[in-house]
Amino acid sequence: MNNGKDVRSYKAQKVIDRMGQKLSRQIVGSLTACVHCGMCTDSCHYVLANPGDPTYAPAYKADLIRKLFKHHYDWTGKVFPKWVKAGSVYTDQELEELKDTVFGKCTNCRRCTINCPMGVDLATFNRMARGLLCHVGIMPEGVEYVAKEQWEIGNQMGVLKEDFIGTIEWQEEELQEEMQDPTAKIPIDKMNADIVYTVNPREVKHDPRSILDAAKIFYMAGENYTMPSEGWDMTNFGLFNGDDDLGGAVAARVYDNVRELKGKKLVMSECGHGYRSTRCEGPNWAKQDIEFEAESSVITMLRYIKEGKIKVDKTKNPGSYTFHDSCNNARSCGLTEEPRELLSLVVEDFREMYPNRAENYCCTGGGGAMSMSEYKSRRLKSGKVKAEQLSATGAKVVVTSCHNCVDGLTDIIGHYNVGMGVTQLVNLVANALVVDDRISENAMKYAGEEAVTA
Amino acid sequence: MSNILHFSEHTLQEIALVFMATVYFLRIKWFLKWTLGKERQPATGMGDTNPKKGARYSLGMIIKPWTMESTRTKPFMYAQFVLFHLGVVAAIALSFIIPYGPGLLKSAALVSAIQFMTGAAFIVGIMRIIRRISNPYMRAISSPDDHFSLILLTSWFAFASMAASNDISGGEGIMQTFFLLTAFFLMYVPFSKISHYLYYPFTRTYMGRSFGRRGVFPLRKKPAYDTV
Ligand code: SF4
Ligand code: SF4
């Protein structure tokens, strides 16, 4: 290697070659159209938390990727490379530096995207750049680990099938206890169910209460549903590491299981990136159209209330609540009104956070950031704007429809001493359920059975 | 009028225009050769929008500064954007009016309007040059092309403003410089960031279609529900 510039490393060459395969017209448009106007600069939470450091500016970060495109795929960059800031990568060290930016300085939240007058979608080509680096094995350790778990075991947290079933059975017992109904079930692999309910592995491993709460709501609604014993993980690390193959395989696994069980509708629990991956991007990655309906559990719960299938009493959730929009739900999937409508039905005091909906700031846990421990201090620092947003509401609890956001917000709240709780809609809806009639009916039955047994 | 000014106003402009059109054609051809990513995702969001509606909204956002936080919270920057681009329109119009419809410039109102628009754009250009050099963020994201394009346009506005009266009684220098700059501008544009308007309809449409399908565009500000 001569000064590291005449000869390109094997990995650098592979990155450049693969870029050519990954460029769509939409991405090329975004790579070509930037006029360096700087209007997107302070839409980014990293910029706001690091005043004066231009390396966090969206257009600066974008140019680190754009320069490769210009040098290798755009003839203006080939003719006048220095004039238009075109450049290449030659060494693995340069790829490592690129990794630091595309994984460590951007959560792919798309806030700059909706603030760019030209329609440049940095988040989309930042994801592409992540995929190029992952292709040659350059990625944060946590990203590699989680992606491997999802490839090999079938879910992001490496939950084994027997552990999954064990957790569901445990929650089923809890359900029977709470509903005072020994016949209450959380069905697994039931054929021809109206709903196939998929969850985030975080629920199985760290928050089984969410599964129980969802089960209570299904129980009260009298829903004919099931959980699949395979393909139950609707999250998708392919969104974060930019690997369309992983994204396609994970999404296809979920779709295939719905088809195998002959389910009528796929319902996804509250998870922003899972919803976006399974509902929106999954069909593109898996290159298949899905013939069944797919919806967020937020919409399912809202429908139950509207159709009178469940009754809720908002006085059961006293205190003040605000709502944090997950970037993937709000900015990438338009899921902004349903969660607010639902929240307003189950709590007495709901206060908006500003800015909100598609303009909300990232919880800092987006883009798989929670799995990249090497960037934790940077992430927490970038949470300053979120902490200020939360504090300004004066609410005691922040509600969100995303497990990633729960973790991201919990970190921020702790780090900045915001003094707030974090919860999800499923927990509030379950808590607000009016179950007295059903329980007393079942309790009498249960008591009768016990008397007979005795 | 000297032969050289006549050449600059006519033949040179025509050559430059043909050159620009040819490079633009090649550029669009190059752009369209990239495969359009297929969108298979079923519609999400509240369901009261669609890709077409999203695309229309997306294309129109630039004339509705309240729709983007970046333009809503920086009205001064937005005003600069408007004045700068009006200056471009006025200067381009002038480069056609002088050779092909000089009679129009007998209207003092039209001359004043062109002078006002190009003069204001010149002032905005100076402000933008200062911002690009003094703001650390702008400095960090700027390429030589960004600096050069801005200086080129700002100088062009200055000469357009002075040339608007189409008066060569005091010498042809201003007129000559305006047309030389115009010809250079026309030939340089396809290679520079100034050609961004070629991509604008594409990028905004693609973004709008995708965000429309997902119910993100038009952006929501008020509750779309009436339950509570
Ligand atoms: S990404 Fe958009 S807003 Fe940001 S500098 Fe480029 S053109 Fe301007
Ligand atoms: S996608 Fe989000 S985190 Fe990344 S540069 Fe844009 S605003 Fe910043």
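This is a predicted model: local features need pLDDT of at least 70, side-chain atom pairs count only at pLDDT 80 or more; totals for chains, interfaces and linings use all residues.
How many nonpolar, polar and charged residues does the lining of the second largest pocket have, by class?

The lining of the second largest pocket has 28 nonpolar, 6 polar and 5 charged residues. The pocket holds about 950 Å³ of space. Its lining comprises 39 residues, and those closest to the centre are Phe81(B), Phe84(B), His85(B), Arg128(B) and His196(B). Several helices of chain B supply at least two residues each: helix 1 (3-32), helix 4 (75-100), helix 5 (108-134), helix 7, helix 8 (173-188) and helix 9. Helix 4 of chain B has the largest share, with 12 residues.

Next, the cavities. There are 9 of them in the structure at 30 Å³ or more. I will take two.

The largest cavity has about 190 Å³ of space. Its lining is made of 20 residues, and nearest the centre are Thr32(A), Lys70(A), Asp145(B), Ser192(B) and Lys193(B).

Helix 4 of chain A, residues 58-73, gives the most, namely 4 residues. What is the class make-up of this lining? The count is 14 nonpolar, 2 polar and 1 charged.

Helix 4 of chain A comes up again at ligand 2. That ligand is surrounded by 13 residues, with Cys44(A), Cys106(A), Cys109(A), Arg110(A) and Cys112(A) the closest. Two elements of chain A give two or more residues to this shell, helix 3 (45-49) and helix 4. The shell divides into 7 nonpolar, 3 polar and 3 charged residues.

Back to helix 9 of chain B, which spans residues 196-213 and contains Thr203(B). Is Thr203(B) buried or exposed? Its relative accessibility is 4%, so Thr203(B) counts as buried. The side chain of Thr203(B) comes to 3.3 Å from the backbone oxygen of Tyr200(B). Leaving out residues up to four places away in sequence, Thr203(B) touches Gly29(A), Ser30(A), Ala33(A), Met118(A) and Gly119(A). If you have the structure open, Thr203(B) is a place to look at chain B touching residues of chain A.

Now helix 15 of chain A, residues 297-306. Of its 10 residues, 7 are buried, and the helix is mostly covered. Those buried residues are Ser297(A), Val298(A), Thr300(A), Met301(A), Leu302(A), Tyr304(A) and Ile305(A). What covers them? The cover includes three strands of chain A, namely strand 1 (195-198), strand 3 (265-268) and strand 4 (293-296). It also includes helix 11 (208-221), helix 17 (337-346) and helix 21 (425-432) of chain A. After helix 15 comes Gly308(A), with a positive phi near 75°.

Ala12(A) sits in helix 1, residues 10-22. Ala12(A) is buried because its relative accessible area is 0%, under the 20% cut-off. Setting aside neighbours within four places in sequence, Ala12(A) is in contact with Val89(A), Tyr90(A), Thr91(A), Asp92(A) and Leu95(A). How far apart in space are Ala12(A) and Leu132(A)? The C-alpha to C-alpha distance is 9.7 Å, across 120 residues of sequence.

Val406(A) belongs to helix 20 of chain A, residues 403-415. With a relative accessible area of 9%, Val406(A) is buried as well. Val406(A) touches Arg202(A), Thr400(A), Val422(A) and Gln424(A), again not counting residues up to four places away in sequence. Between Val406(A) and Ser9(A) there are 41 Å, C-alpha to C-alpha, and 397 residues in sequence.

How values were computed:
Residues are numbered from 1 along each chain as its sequence is written. Chains are lettered from A and ligands numbered from 1 in the order in which they are written. Side-chain values use heavy atoms; hydrogens and water are left out. Buried means under 20% relative accessible area, exposed over 50%, partly exposed in between (1.4 Å probe, protein chains only). A polar contact is a pair of N or O atoms within 3.5 Å; within protein, one must be able to donate a hydrogen and the other to accept it, and residues adjacent in sequence count only if both atoms are side-chain atoms. Contact means heavy atoms within 4.5 Å. On a 1 Å grid over the protein atoms alone, a cavity is a set of points where a 1.4 Å probe fits but cannot get out, and a pocket is an open set with protein on both sides within 12 Å along at least five of seven lines; lining residues have an atom within 4 Å of a point. Grid points are joined across faces, edges and corners, and a volume is the space filled by probe spheres set on the points. Ala, Val, Leu, Ile, Met, Phe, Trp, Tyr, Cys and Pro count as nonpolar, Asp, Glu, Lys and Arg as charged, and the others, Gly among them, as polar. A residue is near a molecule or strand if one of its heavy atoms lies within 4 Å of it.
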